Amino acid sequence: MRIIVPMAGRGSRLRPHTLTVPKPLIPIAGKPIVHRLVEDIAGVINQEIEEIAFIIHKDFGTQVEKDLVAIAEKLGAKGSIYYQEQPLGTAHAIMSAKESMKGPIVVAYADTLFRADFTLDTTADSVIWVKQVEDPSAFGVVQLNDKNEIVDFVEKPKEFVSDLAIIGIYYFKSGETLREELQYLLDNNVVKGGEYQLTDGLENMKQKGMKFVPGKVDEWMDCGNKNVTVETNSRMLNFLHNDGENLISKSAVLENSTIVPPCFIGENVVLKNATVGPNVSLGNNTRVESSVIKNSLVQTNAVITNAHLDNAMIGNHAAFNGKFTSISIGDYSIIE
């Protein structure tokens, strides 16, 4: 089994946090989004993962590439790096890793997380992960027949046809077949809105009689912008806490401070005269003093003093003093 992870964009809606760190490497409950994603996929497919292929832009840099390869190796897989030079659509992105499209594959976009408890139907030609939603008009959805097979893909339906939204994770029994269909789109310039779309390849496969079935997830968590990323962090903390996972590092130092679970507290975090939680992640080497923080996501090496934070997201090496009188704010920064 191979996993293909398109992640070429840094994530403009999550600026300024993605100016230096690509969105898929933003930590959720102490672990990068893409790391959690491939772990969760591995848990669902219950098969040995031979390779994880990451599709990125060249400007991500060598350190990001090393971090991604390390994520794959932690799962016992080979890590491969491919580049998408131009943002020409989902099909074009996937085809950037065409050399790795061999045998059974999973394609997963790296800005979403999920929780699921289903058995992957490896007899199907394709399994499309879906989540039941209240407002399907905002999503691409699948329509099922009475055999629980997917018979249609509808993009943002104006009238109700289905409430099963496509979350951006797909299984294909044959990577070679998918590669063939997507190559056809590229060779024949089949575009929509100037982009090559995966759904056009799926439609061609369906028209040839291939069997598509849904894989229904229990939870679907987005990481598209600051507010939903902070919410996803909170939800993930609760899931992990309820699973009994230890989220507080033994190297954390508490001085006259309280942690209200669930919280992730990284290595060498120092809390002094602080109350942290619930639903807070503090990255490694962060220091919090004379502050109250809840429902927030703080990355590594931050220093927070004299603050009262709720629904906050603070980046690496940031310094925030709630009693500020002099400030230096860079591009895309927000103080509310």
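Which residues is valine 270 in contact with, leaving aside its neighbours within four places in sequence? They are Val253, Thr286, Arg287 and Val288, where contact means heavy atoms within 4.5 Å. The model is predicted: local features need pLDDT of at least 70, side-chain atom pairs count only at pLDDT 80 or more, and totals for chains, interfaces and linings use all residues. Residues are numbered from 1 along each chain as its sequence is written, and side-chain values use heavy atoms, with hydrogens and water left out.

Valine 270 belongs to strand β17 (residues 270–272). Helices (H or I, at least four residues) and strands (E, at least two) are DSSP runs, numbered from the N terminus. With 21% relative accessibility, valine 270 is classed as partly exposed. Buried means under 20% relative accessible area, exposed means over 50%, and partly exposed lies in between (1.4 Å probe, protein chains only). Between valine 270 and glutamine 86 there are 184 residues in sequence and 43 Å in space, C-alpha to C-alpha.

The domain assignment divides the protein into domain 1 (2–224) and domain 2 (227–329). Such bounds come from an automatic or database domain assignment. The C-alpha centres of domain 1 and domain 2 are 31 Å apart. Across the boundary, 17 residues of domain 1 are in contact with 18 residues of domain 2.

The largest nonpolar core has 55 residues. A nonpolar core is a set of buried Ala, Val, Leu, Ile, Met, Phe, Trp, Tyr and Cys residues joined through side-chain atoms within 4.5 Å. Phe54 and Trp129 have the most contacts inside this largest core. Helix α1 (residues 33–45) gives the most to the core, with eight residues. Domain 1 (2–224) and domain 2 (227–329) both give residues to this core, so the core lies between them. Apart from this core lies another, of 29 residues, among them Ala53, Met95, Val107 and Tyr109. Beyond its neighbours within four places in sequence, phenylalanine 54 is in contact with residues including Val5, Leu68, Ile71 and Tyr82.

Strand β1 (residues 2–6) is largely enclosed by the rest of the structure, because five of its five residues are buried. Arg2, Ile4 and Pro6 point one way from β1, and Ile3 and Val5 point the other way. In a regular strand the side chains alternate between the two faces of the sheet. β1 pairs with β6 in the parallel sense over three bridges; two strands pair if DSSP finds at least two bridges between them. Isoleucine 4 stands opposite valine 107 in β6. β1 also pairs with strand β4 (residues 51–56), in the parallel sense, over five bridges. The bridge partner of arginine 2 in β4 is glutamate 51.

Antiparallel pairing joins strand β9 (residues 140–144) to strand β10 (residues 150–155) over five bridges. Valine 142 stands opposite phenylalanine 153 in β10. The hairpin has five residues between the strands, and asparagine 148 takes a positive phi near 60 degrees there. Lysine 147 is placed in the loop between β9 and β10. Lysine 147 is exposed, with a relative accessible area of 63%. Its C-alpha atom is separated by 9.2 Å from that of valine 213, 66 residues apart along the chain.

Helix α4 (residues 175–187) has 13 residues, which at 1.5 Å a residue should span 18 Å; the end C-alpha atoms are 18 Å apart, in agreement. The expected span is 1.5 Å times one less than the number of residues. Gly175, Leu178, Glu181, Leu182 and Leu185 are the buried residues of α4. They cover an arc of only 130 degrees around the axis, which puts them on the same side of α4. The arc is that of the directions from the helix axis to the C-beta atoms. Glu180 and Asp187 are exposed on the other side. The buried residues pack against α3 (90–95), β6 (105–108), β11 (164–172) and α5 (198–207). Glutamate 181 is buried, with a relative accessible area of 5%. Leaving aside neighbours within four places in sequence, glutamate 181 is in contact with Gly201, Asn204, Met205 and Lys208. Asparagine 189 follows α4 and has a positive phi, near 50 degrees.

An open sheet of four strands has the order β16-β19-β22-β25, with parallel pairing. Its edge strands, β16 (263–265) and β25 (313–314), each pair on one side only. Strand β19 (residues 280–282) pairs with strand β22 (residues 296–298) in the parallel sense over three bridges. Serine 296 in β22 is the bridge partner of valine 280.
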